[in-house]
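Here are my notes on the model, as numbered points. Please read them with the structure open.

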Amino acid sequence: MHSIQVADQTFVAADGARVAAAIADRSCWRRWWPDLRLQVTEDRADKGTRWAITGALTGTMEVWLEPLLDGVVLHYFLHAEPSGVAGWQLARMNLAKMTHRRRVAGKKMAFEVKTTVERSRPVGVSPVI
């Protein structure tokens, strides 16, 4: 079990390929996760991406895109440990605060992707697929 675990989901009214393309834009990664270095371990196309992460945290991260109705559910997962920290140091850290910070970062990413890919879609109208 990892010290920092985040699981979140957001509905996005767009097809998986458009959402995946937005997530695959490496120029956004530094903004979404400024203290992490991401290495793609699995590009799952319109199903999402998996990364190995280093930097402030060491572990894995994933965005899984699950088709649903006229869009996808963007599932965000993070499983990590603070980097370079001994067990006795880990016991003194505020892991709840660290987890909350990562949960907020994941939600900001999801809402930015949602806003971007849904931008041209009028409210209440199915997306053009």
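1. Is Trp32 buried or exposed? In this predicted model, Trp32 is buried, because its relative accessible area is 6%, under the 20% cut-off.

2. Now the aromatic pairs. Searching the whole structure gives four of them. One joins Trp29 and Trp51. This pair is edge-to-face, with 5.5 Å centre to centre and 85° between the planes. Trp29 belongs to helix H2 (residues 26-32) and Trp51 to strand E3 (residues 48-55), so the pair ties together parts 22 residues apart in sequence. Both partners are buried: Trp29 has a relative accessible area of 8%, and Trp51 has 1%.

3. Trp32 also has a ring partner, Trp33. Their pair is edge-to-face, at 5.4 Å centre to centre and 75° between the planes. Trp33 counts as buried, with 1% relative accessibility. Ring pairs link Trp29, Trp32, Trp33, Trp51 and Tyr76 into a cluster.

4. Which residues have the most contacts inside the largest nonpolar core? They are Val19, Trp33, Trp51, Ile53, Leu74, Tyr76 and Leu78, in a core of 30 residues. Among the elements that give two or more residues to this core are strand E1 (4-12), helix H1 (16-23), strand E5 (71-82) and H4. In soluble globular proteins, nonpolar side chains tend to be buried together.

5. Ile53 deserves a look. Leaving out residues up to four places away in sequence, Ile53 touches Leu36, Arg37, Leu38, Thr58, Gly59, Thr60, Met61, Leu78 and Ala80.

6. Next, the strands around E3. E2 and E3 pair in the antiparallel sense over seven bridges. Gln39 has Ala52 in E3 as its bridge partner. Four residues lie between the strands in the hairpin of E2 and E3, where Ala45 takes a positive phi near 55°.

7. E3 and E4 also run antiparallel, joined by six bridges. Their hairpin has one residue between the strands. Trp51 stands opposite Met61 in E4.

8. Finally, where does Arg119 sit? Its place is in the segment after helix H4 (95-118). Arg119 counts as exposed, with 61% relative accessibility. Arg119 and Arg26 are 93 residues apart in sequence and 20 Å apart in space, C-alpha to C-alpha.

How values were computed:
Residues are numbered from 1 along each chain as its sequence is written. This is a predicted model: local features need pLDDT of at least 70, side-chain atom pairs count only at pLDDT 80 or more; totals for chains, interfaces and linings use all residues. Side-chain values use heavy atoms; hydrogens and water are left out. Rings of Phe, Tyr and Trp (its six-membered ring) pair if their centres lie within 6.5 Å; planes under 30 degrees apart count as stacked, over 60 as edge-to-face and the rest as tilted. Buried means under 20% relative accessible area, exposed over 50%, partly exposed in between (1.4 Å probe, protein chains only). A nonpolar core is a set of buried Ala, Val, Leu, Ile, Met, Phe, Trp, Tyr and Cys residues joined through side-chain atoms within 4.5 Å. Contact means heavy atoms within 4.5 Å. Two strands pair if DSSP finds at least two bridges between them.
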